Amino acid sequence: MCGIVGYIGTTEARPVLLDGLRRLEYRGYDSAGLAVWDGQKINLAKIKGRVADLAGLLQQQSVKGTVGIAHTRWATHGEPTTANAHPHADCKNNVYVVHNGIVENYKALKDQLIREGHTFHSETDTEILSHLIEKYLTGATTLEQAVSRALKFVKGTYALLAIASSDPEKIVAARLSSPLRIGVSADQVFIASDPSALLNYTSRVVTLTDGELAVITRGNYTITSLEDGGAINREAETIDWNIDEIQKSGFDHFMLKEIFEQPETVINSTRGRLIPAEGRAVLGGLADVEDKLRALKRLTIVACGTASYAGLVGEYMLEEYADLPVEVCVASEFRYRKPSLIPREDAVLVISQSGETADTLAAVREAKAKGVLTLGIVNVIGSTISRETDAGVYNHAGPEISVCSTKVFMSQLTVLALLTLLLGRQRRMSLVTGQRIAAELAALPARMAELLAQADRIKTVAQHCQSAKNFFFCGRKYNYPIALEGALKLKEISYRHAEGLAAGELKHGPLAMVDEHFPVIFICPKDSVYEKNISNIQEVKARRGRVIAIATAGDTDIAAIADDVIYIPKTLEMLTPLLAVVPLQLFAYYIAQSLGVDIDKPRNLAKSVTVE
Ligand code: F6R
């Protein structure tokens, strides 16, 4: 969603802020702006449009100084307009604020401030914050005192930065349910909503947690509790993400780069965790709760979108190999459905790339309130979900820049396979089975690389379907969730209509739509449901549908029925999703490419969904 960057240091703030905003573009936004203290006053520049438009504006407008804040906005309250873009000022153009999140009681606060004589220039909830801070600056000796007092009246969520001409040599930051990270480097301090904006400058990062206020000065930062003003000591951690990882490295799009990184992703997610000889997995983040895991009677997996499809694959893995009853629920439903959870018998496992998804976080809180163990599979280190869950596993997939998730999905599947080994071996999985799964998992990166070498062939198959407007993706068992994921990828980046189906459901309704203009993609490796899939393919062919089969290398029979076949290397049934999803990601990519859409930043979507 929205992105925040702040800088205080010894060089010009403007290029640092623009660079940070560019690195946050992948999050999705509709306007951009910055405010910089020039030694006498704060200069503001903002615009509806891209960061490049803001950079263009700054060529005509002098914005100099070494203290500044910047923002990319994704509209929630008020249209995407220049007036609604952040930063927002108070009545005296003294205080400037950028904000991610939502002020839920903004209407009441705005009415009150108007009654007190404040004048508003935007429709945003954020502008309330600059006026509230203005109000509480009266009687305060510092900007941080005013921010802290103002926030006592705010209901909702925020990551905010404030600067003021009346107390200029600092940035004040505060956080509640929306991430903020401080980057420390000698006499410069950076702050951003996402580490991608910091890593060009420093890998030493301090994460603010909920209910904290930070005062950032040249080369220093202090953190206090918003509740009682108590000092909080927090050392910087090293984030070892490489800045090169957040560049395109010669690929046309981040999505394509991230698809091709997947063999490496599996290696990174399994590094130090897989012990093939002993047929087991070691997950350090779960070590403290292993006894509780052993006693589990049921696991509920909660996530959104792609992460929920990874959870569905996990359900099949854990039920088959760990004999653990598993249920998967999308987070937006879980939080309102009054789930029945029993402490010590149940656990809730949430899966989230960003670790900030509002619905998924709410599920963690709901589960904790019910007294059950909460676990996380999270990619972003130090994110809210990773901090709030009782225990968890990091994906180690590195930053995923494309809005459309690919390599993180792969890492989620990999971690779920590791979890299956861990829980399976705790329960009834034999050493031999464990060794077989571990060996196949270790062999997967090389198989995936073989598959990626067929990208040109997949591009040709995608070109055959370029003019189709509707698609079905069908699969069974482990590959039913992959059908859902394949359809989601296509919808997301090509804006074509696609539905993922359990292949057995075709004849219960969807088959009525199939004709020669309707491609149906079947994920049908040689597995325990192969024959069932073949029957479904015949049903589609009988209605003149165009069939694209994702099949196991060496399966020549299928070539006689399907119009196109993409072969994936042979592996264990449980691990076929990790291979089968790769051609579907490429298929979606090449269709979107032929349509000329903005693949890394699909319309209407954002990378991290921090509002309900
Ligand atoms: C699709 C996609 C989304 C996310 C979903 C959850 O490509 O990326 O469906 O999977 O918004 O996000 P996280 O994993 O950050 O909780």
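Which residues lie nearest the centre of the largest pocket, and how many residues line it? I found 28 lining residues, of which C304, G305, A606, K607 and V609 lie nearest the centre. I noted that this is a predicted model, in which local features need pLDDT of at least 70 and side-chain atom pairs count only at pLDDT 80 or more, while totals for chains, interfaces and linings use all residues. Residues are numbered from 1 along each chain as its sequence is written, and side-chain values use heavy atoms, with hydrogens and water left out.

A pocket here is an open set of points on a 1 Å grid over the protein atoms alone, where a 1.4 Å probe fits, with protein on both sides within 12 Å along at least five of seven lines; lining residues have an atom within 4 Å of a point. I read a volume of about 580 Å³ for the largest pocket. Domain 2 (248-452) and domain 3 (454-612), with bounds from an automatic or database domain assignment, both give residues to the lining, so the pocket lies between them.

I then turned to the helices, which are DSSP runs (H or I, at least four residues) numbered from the N terminus. Helix α19 (residues 576-595) is mostly covered, with 17 of its 20 residues buried, that is, under 20% relative accessible area with a 1.4 Å probe and protein chains only. After α19 comes G596, with a positive phi near 70°. In α17 (residues 530-542), I listed the buried residues as Y530, N533, I534, N536, I537, E539 and V540. Just after α17, R544 takes a positive phi of about 65°.

Technical notes
Grid points are joined across faces, edges and corners, and a volume is the space filled by probe spheres set on the points. Helices (H or I, at least four residues) and strands (E, at least two) are DSSP runs, numbered from the N terminus. The expected span of a helix is 1.5 Å times one less than its number of residues. Buried means under 20% relative accessible area, exposed over 50%, partly exposed in between (1.4 Å probe, protein chains only).
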